[in-house]
Amino acid sequence: PPAIAKAFSPTTIVPGGTSTLTLTLTNPAANTVALTGVAVTDTFPSGLLVATPSNLVSTCGGTATAAAGSGSVSLSGGTIAANGTCTITLTVTASQPGSLVNTTGNVSSTNGGTGNTATDTLNVSAILPPSIAKAFAAATIPLNGATSLSFTITNPNTSTALNGVAVT
């Protein structure tokens with residue numbers, strides 16, 4: 001039977017960020033003929049969606065489907081060459097922090113039967129809030145004297161810009 005593997009890249013994003021999901025389907029070396037009628041469905045866990053745009057690309061032939069905003073990707077009628085592989089790639093996004101464990105359904109083919117499932121985890125880290133520090137230019141001043149006051153606002157997120165930051 002065919003085999004399947006899957007991987008997210010990158011493996012960690014923030015809510016609203018994107019990752020590329022790759023499904024790799026393999027025709028085992030022992031098979032001297034192409035596998036036909038290859039099919040698989042990958043239903044995502046809650047909070048994981050096909051991004052807009054989906055950037056869906058399949059080298060497996062047949063019909064690959066992954067509608068933007070939906071929670072799944074599928075292939076029907078695909079072909080894998082003898083001792084070959086094919087891939088399905090698409091962009092996904094997540095709406096909430098957490099570890100999203102994603103397992104495909106079994107990959108199958110008309111002439112090779114039913115193969116395995118594949119599992120990978122997309123980690124969605126929380127967006128951390130900004131921090132603020134303040135400092136006076138002089139530690140002491142005379143009565144009715146003046147000094148400057150500075151505020152430093154820091155974004156602890158390494159790959160996410162913070163919008164709408166305000167301070168009173």
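Ser54 touches Ala66, Leu90 and Thr91, residues up to four places away in sequence not being counted; contact here denotes heavy atoms within 4.5 Å. The residue lies in the loop between strand S5 (48–50) and strand S6 (57–58). Helices (H or I, at least four residues) and strands (E, at least two) are DSSP runs, numbered from the N terminus. Ser54 is buried, with a relative accessible area of 15%. Buried means under 20% relative accessible area, exposed over 50%, and partly exposed in between, with a 1.4 Å probe and protein chains only.

The model is predicted: local features need pLDDT of at least 70, side-chain atom pairs count only at pLDDT 80 or more, and totals for chains, interfaces and linings use all residues. Residues are numbered from 1 along each chain as its sequence is written, and side-chain values use heavy atoms, with hydrogens and water left out.

Leu90, one of the contacts of Ser54, is also among the members of the largest nonpolar core that touch the most other members, together with Leu25, Phe44, Ile88 and Val92. This core holds 27 residues. A nonpolar core is a set of buried Ala, Val, Leu, Ile, Met, Phe, Trp, Tyr and Cys residues joined through side-chain atoms within 4.5 Å. Two or more residues each come from S1, strand S3 (18–26), S4, S5, strand S8 (72–80), strand S9 (85–94) and S13. The most are given by S9, with 5 residues. For Val92, the contacts beyond four places in sequence include Phe8, Leu21, Phe44, Leu48, Leu49, Val50 and Leu122.

The structure holds 1 salt bridge, defined as a side-chain nitrogen of Lys or Arg within 4 Å of a carboxyl oxygen of Asp or Glu. The partners are Lys6 and Asp42, with the closest N and O atoms 2.5 Å apart. Lys6 belongs to strand S1 (residues 3–9) and Asp42 to strand S4 (residues 35–43), so the pair ties together parts that are 36 residues apart in sequence. Lys6 is buried at a relative accessible area of 9%, and Asp42 is buried at 1%.

An open sheet is formed by 3 strands in the order S2-S13-S10, with mixed pairing; two strands pair if DSSP finds at least two bridges between them. Strand S2 (12–13) and strand S10 (98–103) stand at the edges, each with a single partner strand, so one side of each is left without a neighbour in the sheet. S2 and strand S13 (residues 119–124) run parallel and are joined by 2 bridges. Ile13 stands opposite Val124 in S13.
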